[in-house]
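Here is a short tour of how two chains meet. Have a look at the sequence and the structure first, and then let us walk through the interface together.

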There are 2 protein chains.
Amino acid sequence: MNDSANPTETTKHPWQKNGRLVAIGGAEDKESDLEILRRVLDLAPEGNRQVAVIATASGIPDEIYPIYEDVFSRIGAERMHRIDVRTREDAREEQHIETVKRCGTIFFTGGDQLRLTNILGGSPLLEAIRESHEKGAVVAGTSAGAAAMSTTMIYNGQAADALRKGAVRMSSGLGFVEDIIIDSHFLERGRFTRLMEVGATNPEYIGVGLGEDSAVIFHPGGVLEAIGSGHVIIVYSRDIQSSNVAELNDGEPVALEHVIMHALISGYGYDVPNQRYITATELAEMAGTNS
Amino acid sequence: MNDSANPTETTKHPWQKNGRLVAIGGAEDKESDLEILRRVLDLAPEGNRQVAVIATASGIPDEIYPIYEDVFSRIGAERMHRIDVRTREDAREEQHIETVKRCGTIFFTGGDQLRLTNILGGSPLLEAIRESHEKGAVVAGTSAGAAAMSTTMIYNGQAADALRKGAVRMSSGLGFVEDIIIDSHFLERGRFTRLMEVGATNPEYIGVGLGEDSAVIFHPGGVLEAIGSGHVIIVYSRDIQSSNVAELNDGEPVALEHVIMHALISGYGYDVPNQRYITATELAEMAGTNS
């Protein structure tokens, strides 16, 4: 495995395993330059071009599998595997577990993140994915597949003024990354209020709002790198000065003083452990000095 | 005129004339408790319950006038006047000018803010409204009628990722208030990126994002007071640390470091000259000490 592109290998952070994680905001380009999916494949351990696709989140997996099989094959995947898991029973099947262990890339499609966690949570399959990830496999997910990656995830909440107590529903996610909350389709569906509410309820979480055809790579040291054609918004709530959230009844509007936001575009980064915005120039320098 | 409810009468700020300004985010309640429109009427000079409605922004003024005539009459307006101005010719008519001068409340409906400025800009009618406002009349506007109130206004920009150079169109507004930019339907249409782009192009402007059935009252000292059932979001860009906006071509995504946001609810305020968030408790105290 060649780590020359990793800007932060020297300062490993406990929240991130050995393999890369790629969270995609949904609607990633599957037609023209395929920037994000190419990058996913490039992050896999060298020599391993096998890809496992898990469409458990989707209500229409039979339509979804061929799309990703086609696109990953076009960009150089050697073998595609359908991990066709629709029940908790399926998530115990030895054959799926064996397949996942062989793959350098494990990809979660979009759909409903609650279906994903409901079926995979606590399963031997999820355990096998975690082990593969620790050994260096890249785990990638789009839309619901991205939202479910963190320890705590958002699974609902109307964007049209979600800044009301209890409007945003949270639950446990797949736990590939801690301390952050990921939201997808973030700019396109105007979901800023969702991560503001999350920050109000617990300022510790750093919100990562992914735009469509945009993604973050979680590098092992704790640095997020933005890729894709749009934006990644960081919602930083630890400096919140005051809020009325603890005094409210369900549905009442939340007041909030001093939320900080950053807008990243491709090539820019954010250092989660040190809570620091990284410009494209800086990120390129960091990658350069480590090569 | 009784100013006991004004928390900041002692420190008059040049950007605000003598009368109150009320900017409403659109879709204000016209059926049940009518909180915002009642407040508008209460801010008019004592003893003057005449209301002028200007539906110039609307493409369907004949449908709009009866709605506001009905609701203002229900809450105690004594006389309603249609300032039926559809052309620049109309905006010179002496009859309209005389009517506006008699009214304690001048209300701008929603529609298209560019139609409003295109027809009213530089007209004797606008001059008369400004004079009335300086003498104490309340000027209120909803949706486009709110967006047009400031010296510089937004008139377009798709909310689905407006954070791209040139995506947000700006022009000169009606000039009732300076140094800020007002956006309406802000949470419901996910317009955060619009005010982030405005802040990137000129960090001096303080963005005021009005939720639906929510409004701000601009008190003469420079304090905004939030009212209504939803949120008012303050977008503060003066602490932006870095941005690539000057280097971009049209349509390219904007990177932005450190935008500060506050969420106000009814009773909360923001001190524009001192750039300070004011909790409901503080705002009530400020009003109390000045009474």
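This is a predicted model: local features need pLDDT of at least 70, side-chain atom pairs count only at pLDDT 80 or more; totals for chains, interfaces and linings use all residues.

The contact draws on 32 residues from chain B and 32 residues from chain A.

## How the copies are related

To superpose chain B on chain A, a rotation of 180° with 0.0 Å of shift along its axis is what you need, and the RMSD is 0.0 Å. The two copies are thus related as by a two-fold rotation axis. Where does chain B come nearest to this axis, judged by C-alpha atoms? Look at Gly190(B), whose C-alpha lies 1.8 Å from the axis.

## Area and polar contacts

The size of an interface is often given as the accessible area lost when the parts come together. Here, about 2600 Å² is buried between chain B and chain A, and carbon and sulfur atoms give 63% of that area.

## What chain B brings

On the side of chain B that touches chain A, the elements giving two or more residues are α7 (192-201) and β14 (256-264) of chain B. The most comes from β14(B), with eight residues. Sorted by class, this side of chain B has 18 nonpolar, ten polar and four charged residues.

## Strand to strand

The β14 strands also pair with each other: β14 (residues 256-264) of chain A and β14(B) run in the antiparallel sense, over five bridges. Within this pairing, Ile260(A) has Ile260(B) of β14(B) as its bridge partner.

Conventions:
Residues are numbered from 1 along each chain as its sequence is written. Chains are lettered from A and ligands numbered from 1 in the order in which they are written. Side-chain values use heavy atoms; hydrogens and water are left out. Contact means heavy atoms within 4.5 Å. Buried area is the accessible area (1.4 Å probe) that two parts lose on being put together, summed over both. Helices (H or I, at least four residues) and strands (E, at least two) are DSSP runs, numbered from the N terminus. Ala, Val, Leu, Ile, Met, Phe, Trp, Tyr, Cys and Pro count as nonpolar, Asp, Glu, Lys and Arg as charged, and the others, Gly among them, as polar. Two strands pair if DSSP finds at least two bridges between them. Copies are superposed by least squares on the C-alpha atoms of residues with pLDDT of at least 70 in both.
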